[in-house]
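This report looks at how the two parts of one chain meet. Please view the sequence and model first.

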Amino acid sequence: MAERYFQPEIETMPREQLKALQDERLVAQVRHVWENVPYYRKKMEEKGLTPDDIKGTEDLHKLPFLSKADLREAYPYGLMGAPLKDCVRIQSTSGTTGKRVVAFYTQADINLWEDCCARAIVAAGGSNESVCQVSYGYGLFTGGPGLNGGSHKVGCLTIPTSSGNTERQIMFIMDLQATILCCTPSYAAYLGESMKEMGLTPDQIPLKAGIFGAEAWSEEMRQSIQDTLGIKAFDIYGLTELSGPGVAFECSEQTGMHINEDHFIAEVIDPDTGEVLPDGVQGELVFTAITKKAFPLLRYRTRDICVLSHEKCSCGRTHVKMSKPRGRTDDMLIIRGVNVFPSQIETVLLNQGYPANYQIIVDRVRNSDTLEVQVEMTPEMFTDNLGEIAQRQKQLVDGLRSMLGLTAKVTLVAPKSIVRSEGKAVRVIDKRKI
Ligand code: DLL
């Protein structure tokens, strides 16, 4: 099937033209911020910069970074770029890692955000003939409102179920023949598991595509969701600070997400030195929003770790691709000096046929870090044969050792004993921090 685009002239724009657009928008945005955000103007002044020093994207590296700490310090209004009377909405994060982030939007900001989500939906095969069920949470979280707006723009019949109430989710999917499902990958896995238990086979499930994001998920998890639901599963990335979902989205190639570069300029930096890294080198993703006016963040450090690629994509889109985030700099566990990402553990479990229902527990016993992974067995694996369980545990310990270079304790638990998530899954309990 030929690739379709929501905004073809932008999504397939030749690189030189795209760069010219970015240059022009960046220059205007820096001036907008200088004139309207005293907090950032001060940061620029401290570096001896004025808007005249930024003539295009090649000067981007001169600008100071913004981080979560700045957001906290400037909370709630300190980074606003538009008067309150021009703002029509806020969205906010759950604030699990400190103070909430509150992002402001003008109507135009919402419009461009929804365009980005619409691009993702069309890339996943969506059209005005699609029935799109949005099972991300609605409310302060950006997932529901963002995909809802994008779905309307594409002209899909939108089912705004929000998250939770799994039985009702399945009823709508089946009764209204939903073709696109939008939710977190962990919730998609749970919905798939529940549908399987109800005896529904992939060919009976009307869904064709899923747009899953808001948390890290592995390729193995993608495969398993695709198999249970009989769909193609697309990744979508974003964060509240930059509007929400749709900063980047996957196309039919499923090899990374195109960043909407007409709205967001991406850089990857060395998280320790701040130095900008070339394509293909892993580092922290930094974004500059060049069109948003109410919350115009420049060089915002996301803490997400990934790699950029400008390689030509078979879908015809010209925008740079980011790899799946490998984790966050602050998600990374340091266990006995070894850097461990939850996604690496997930890969081992799924490769050995376990479902993505697990809990990672880190503790410190007699000054030494301990890592325990509780892994749920599938009903088919479940047995009271202790020898068999010991054998399975050993295989997992070996797999984890070769992936991480660490010995972990593995505990196999009964099916359904690990709590399911309807939104972002909490995979790690780090008792060293409690
Ligand atoms: O999670 C926005 C979103 C909603 C994205 C729905 C995709 C779908 P926040 O709650 O502010 O916003 O969390 C942002 O979530 O910095 C990443 O660490 C993580 N994240 C988001 N998308 C992905 C993804 C929304 N596709 C934080 N893969 C980001 C891995 C992701 N991590």
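Domain 1 and domain 2 bury about 1,600 Å² between them, and carbon and sulfur atoms give 52% of that area. On the domain 1 side, Tyr190, Glu220 and Arg326 lose the most area to domain 2. Together they make up 31% of what that side buries. The model is predicted.

The division itself is simple. Domain 1 covers 1–328, and domain 2 covers 333–430. Their centres, taken over C-alpha atoms, lie 30 Å apart. In contact terms, 21 residues of domain 1 meet 18 residues of domain 2.

Which side chains meet in a salt bridge at 3.2 Å, N to O? They are those of Lys416 and Glu197. Across the interface of the two domains, the rule finds 2 salt bridges. It also finds 10 residue pairs in polar contact there, both residues at pLDDT 80 or more.

Several secondary-structure elements build the domain 1 side. α8, α9 and β15 each supply at least two of the residues that touch domain 2. α8 gives the most, with 5 residues. By class, the residues of this side divide into 7 nonpolar, 8 polar and 6 charged.

| Element of domain 1 | Residue range |
|---|---|
| α8 | residues 185–197 |
| α9 | residues 219–229 |
| β15 | residues 327–328 |

Terms used. Residues are numbered from 1 along each chain as its sequence is written. This is a predicted model: local features need pLDDT of at least 70, side-chain atom pairs count only at pLDDT 80 or more; totals for chains, interfaces and linings use all residues. Side-chain values use heavy atoms; hydrogens and water are left out. Domain bounds come from an automatic or database domain assignment. Contact means heavy atoms within 4.5 Å. Buried area is the accessible area (1.4 Å probe) that two parts lose on being put together, summed over both. A salt bridge is a side-chain nitrogen of Lys or Arg within 4 Å of a carboxyl oxygen of Asp or Glu. A polar contact is a pair of N or O atoms within 3.5 Å; within protein, one must be able to donate a hydrogen and the other to accept it, and residues adjacent in sequence count only if both atoms are side-chain atoms. Helices (H or I, at least four residues) and strands (E, at least two) are DSSP runs, numbered from the N terminus. Ala, Val, Leu, Ile, Met, Phe, Trp, Tyr, Cys and Pro count as nonpolar, Asp, Glu, Lys and Arg as charged, and the others, Gly among them, as polar.
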